[in-house]
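My entries follow in the order of looking.

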Amino acid sequence: MPPEKDGGRAETPNGADLHYRALERLYGSAPVNAMFQSKLAITGEGRSRLTFAVTRDVFHAAGAAHGTIYFKMLDDAAFYAANTMATDRFLLTTSFNLHFTKPVREGEVVAEGRWVSGKRRVLVAESRLIDAEGDEIGRGTGTFMRSRIALSGLPGYSA
């Protein structure tokens, strides 16, 4: 899709937009994400939005989504919100706290991530899960550390 036109001139995406789109491609290229119906959108600096289809194949024995699915959605949303602040290095999750507030069954879940603090070595971000009824079903806070892995060297990040 061509860049938007403004007064007959094509606008060039800025560095932040290029980084955001590259992070979205990186998410899509991760082999683990082929197992899930999900899509990442970086909505601005320090913000991410992940839509995720919860299906019966991720249920525990009592008929709702297993906690590992909550963790994946919350961690991914917080991680990518934090990684908008680090344009050179891939971040690593060093800790993550979860709070489950409602079981989720089948349907679309939205994970919203928001960077909280830190820009140099350690970053903190939080995320929350919203179900199809608009209820919060979980919340998490993560700590992320810059790795030695250059984003530019990762398949998916580079165009």
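Before placing any residue, I noted what a strand is here: a DSSP run of E of at least two residues, numbered from the N terminus. With that settled, I looked up Leu98 and found it in strand E5. I also noted that the model is a predicted one.

**Entry: fold.** I counted two helices and eight strands in the protein chain. Reading along the sequence, I wrote down the order β-β-α-β-β-α-β-β-β-β. I then looked up the radius of gyration, which is 16 Å, close to the 15 Å that the globule rule gives for 159 residues, so the chain is as compact as a globular protein of that length. Along its principal axes, the C-alpha trace spans about 55 × 35 × 25 Å.

**Entry: contacts and surface.** I took the contacts between residues at least 6 apart in sequence and found that 64% of them join residues at least 24 apart. The accessible surface comes to about 8900 Å². Carbon and sulfur atoms account for 53% of that surface. For the charges, I looked up the mean positions of the 20 positive and 18 negative ones, and they lie 7 Å apart.

Entry: In soluble globular proteins, nonpolar side chains tend to be buried together. I therefore looked for nonpolar cores, meaning sets of buried nonpolar residues joined through side-chain atoms within 4.5 Å. The largest one has 37 residues. Met73, Tyr80, Leu129 and Phe144 have the most contacts inside this core. Both helix H1 (15–29) and helix H2 (67–83) are among the elements that give two or more residues to it. The strands that do so are E3 (37–44), E4 (47–54), E5 (89–100), E6 (107–117), E7 (122–130) and E8 (136–150). Which element gives the most to this core? I found that H2 does, with nine residues.

**Entry: Leu98.** I went back to Leu98 in strand E5. Its relative accessibility is 30%, so I put it down as partly exposed, the class between under 20% and over 50%. Leaving aside neighbours within four places in sequence, I found Leu98 in contact with Phe71, Leu74, Arg139 and Gly140. I also checked Gly44, which is 54 residues from Leu98 in sequence and 24 Å from it in space, C-alpha to C-alpha.

**Entry: Ala86.** I found Ala86 in the loop between H2 and E5. Is Ala86 buried or exposed? Its relative accessibility is 0%, so Ala86 counts as buried. Not counting residues up to four places away in sequence, Ala86 touches His19, Leu91, Arg146 and Leu151. Arg120 is 34 residues from Ala86 in sequence, and I read 8.1 Å between their C-alpha atoms.

**Entry: Gly28.** Gly28 has a relative accessible area of 57%, so I noted it as exposed. The C-alpha atoms of Gly28 and Val109 are separated by 18 Å, and the two residues are 81 apart along the chain.

Technical notes:
Residues are numbered from 1 along each chain as its sequence is written. This is a predicted model: local features need pLDDT of at least 70, side-chain atom pairs count only at pLDDT 80 or more; totals for chains, interfaces and linings use all residues. Side-chain values use heavy atoms; hydrogens and water are left out. Helices (H or I, at least four residues) and strands (E, at least two) are DSSP runs, numbered from the N terminus. The radius of gyration is taken over C-alpha atoms; the globule rule is 2.2 Å times the number of residues to the power 0.38. Contact means heavy atoms within 4.5 Å. Accessible areas come from the Shrake-Rupley method with a 1.4 Å probe; for residues, only the protein chains shown count as cover. Lys and Arg count as positive and Asp and Glu as negative; His and the chain ends are not counted. The place of a charge is taken as NZ of Lys, CZ of Arg, CG of Asp or CD of Glu. Buried means under 20% relative accessible area, exposed over 50%, partly exposed in between (1.4 Å probe, protein chains only).
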